[in-house]
Amino acid sequence: MHHDTSLIDIVAVGLALAFVLGAIANRLRLSPLVGYLVAGIFVGPFTPGFVADQEIANQLAEIGVMLLMFGVGLHFSLQDLLEVKWIAIPGAVAQIAVATLLGWGVAWLMGWSHLHGMIFGFSLATASTVVLLRAMEERRLLETMRGKIAVGWLIVEDLACVLALVMMPVIAGLFGPEAGGERHSFGSVLSSIGWTFVQLGLFVAVMLLVGRRVIPWVLERIAGTGSRELFTLSVLAIALGVAFGAAALFGVSFALGAFFAGMMLNESELSHKAANDSLPLRDAFAVLFFVSVGMLFDPKILLEHPWQVLGTAAIIMFGKSAAAFLIVRAFGHPKATALTISASLAQIGEFAFIIAGLGVSLQILPPTGQALVLAGALISIMLNPMIFMLLDRWEARHREEVQVQPEPEVQPGPPLQAGNHAIVIGYGRVGSELANVLRDRGVPVVIIDDNSLHVDRAHAAGIPGIRGHAASDKVLAEAHPESASIAILAIPQPLEAGEAIAKLRALNPALPVLARAHSDAEVKHLLAHGADGAVMAERELAYSLAEMVMSTPAYRYANRGDVAVPPV
């Protein structure tokens, strides 16, 4: 019997190939996004061999866009933006304008219309949050002033893209092919834009008045049931349900609806758990989104339009970066800060694909423009690590100049008194209790966690905290394992814990290391990587409960070897 397996094909083959190529890219110290995009090229219609169903891939990509935007909203921080608003807002707006004009200039040279040129230019103006955060985390810059400026800059770019998602259908209706060449008066243009903002305002009002109360209330009730499956399902239902409702009731795009769902969820105390529970599915559909984008790329464009590809890459890597450098310097920041911001913005990613894809679907950007955007993204993402490497070398050569003009880059929180201290990796439910108990018993403690909320909570409790990945050499070095008395890994991820243990052993072979596990296999894995001991939570819980049972009156005497006498 024949079965139509197009959906299974794209999911199975796409994810498998993305995994292999993503792992290769990561091994080469490139962003895994490169591997995902190349996987899409391999399964696309422009290369020989297996060809995935483009229509199904596009629908999966739409879900991926919704979940990506949901994640952006879930991690949206107005406070981070307000800290650097005086440079991030004007700087990002000016840099977006410069990049858009440069893209328009390249499009004009190719003979495109002004509308096509502006959409093409705008799609080159925003950087990839994924690529930027990875580069910043590797260099321990997220908590520094330049790291905060870069993140705030990207927040403004994300907001500009959200606004573009609202306005692009309006622009297409007024000036695109569907307008039928009809001339619009200034009043009709204002009327169309005004109606769009009325719909947007209604949606925002409903979300603020209703969603802001209903969504956290629903999550609290579901969390109270103790069912993890129901909680995860509720998070996804909220993300996709709000996105669908926004489009069906208010004419707002799926992506914008998902973004607002994430923002509303961000105000809940359960937002971190919601983010963690939805992360695997968000990551999977995000990979499928990048694979579907890669399927649209025709490698022939590298041969048919080489100068346009080079021009696009030059705008991304030099044009907007030069604009950012001049803007940051104009605000009086040191050259090191300006170069860091410039290097951070010398690439494009997920929002560029969303804007370009929407432009093609609305017929206000030619397919060649989308191909150029993808070519520019591949080139810039692959070369971005090299740019940061050059920046690192420049900083090493000009260390004295940097020290003459120091930035306020001291890590926040209580200072670490290195020497005979305990390193606790992970400040979640287990790690926070452990750190507090050790501190109360006079043991100096420093915690490592990649979640900023956890680190802030440790600082509020008076415990020195380091934000970053536990397996990062620079992060571990900040905890001074060479002078520590013990290290405890309280994170539930055995692979990350095993990697961190191996690096701790290399830094201090005599350091006692304990770890947390959830199965016998995890215990073996951690011990094999150098842990001195591993505590399996379920087993220890069973022992503790058994001790409590044996201390009850019914079994107290039996525990001493006497005959148990049931209570009367």
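A salt bridge is taken here as a side-chain nitrogen of Lys or Arg within 4 Å of a carboxyl oxygen of Asp or Glu. In the predicted model, Arg539 and Asp520 form such a pair, with their closest N and O atoms 2.7 Å apart.

A search of the whole structure finds five salt bridges, including one between Arg505 and Asp532, whose closest N and O atoms are 2.7 Å apart. Here, too, distant parts of the chain are linked, with Arg505 in helix 22 (residues 494-507) and Asp532 in the loop between helix 23 (520-528) and strand 6 (533-536), 27 residues apart. Arg505 counts as buried because its relative accessibility of 19% falls under the 20% cut-off. Glu220 and Arg221 form another of the salt bridges, with a closest N and O distance of 3.9 Å; Glu220 is partly exposed at 43%, as is Arg221 at 45%.

The protein as a whole has 25 helices and six strands, and 46% of its 568 residues count as buried. Helix 15 (residues 335-344) is mostly covered, with eight of its 10 residues buried, among them Ala336, Ile341 and Ser344. By contrast, Leu209 in helix 9 (residues 186-224) is exposed at 60% relative accessibility, and together with Val206, Leu208, Val210 and Val214 forms a nonpolar surface patch of about 400 Å² of accessible area.

Key: Residues numbered from 1 in each chain as written. Predicted model: local features only at pLDDT ≥ 70, side-chain atom pairs only at ≥ 80, totals over all residues. Heavy atoms only, no water. Patch = residues over 30% accessible without salt bridge, like charges linked within 9 Å, V, L, I, M, F, W, Y side chains within 5 Å. Areas by Shrake-Rupley, 256 points an atom, 1.4 Å probe, with all protein chains shown as cover. Helix = DSSP H or I, 4+ residues; strand = E, 2+ residues; numbered from the N terminus. Buried < 20%, exposed > 50% of the residue type's maximum accessible area, 1.4 Å probe, protein only.
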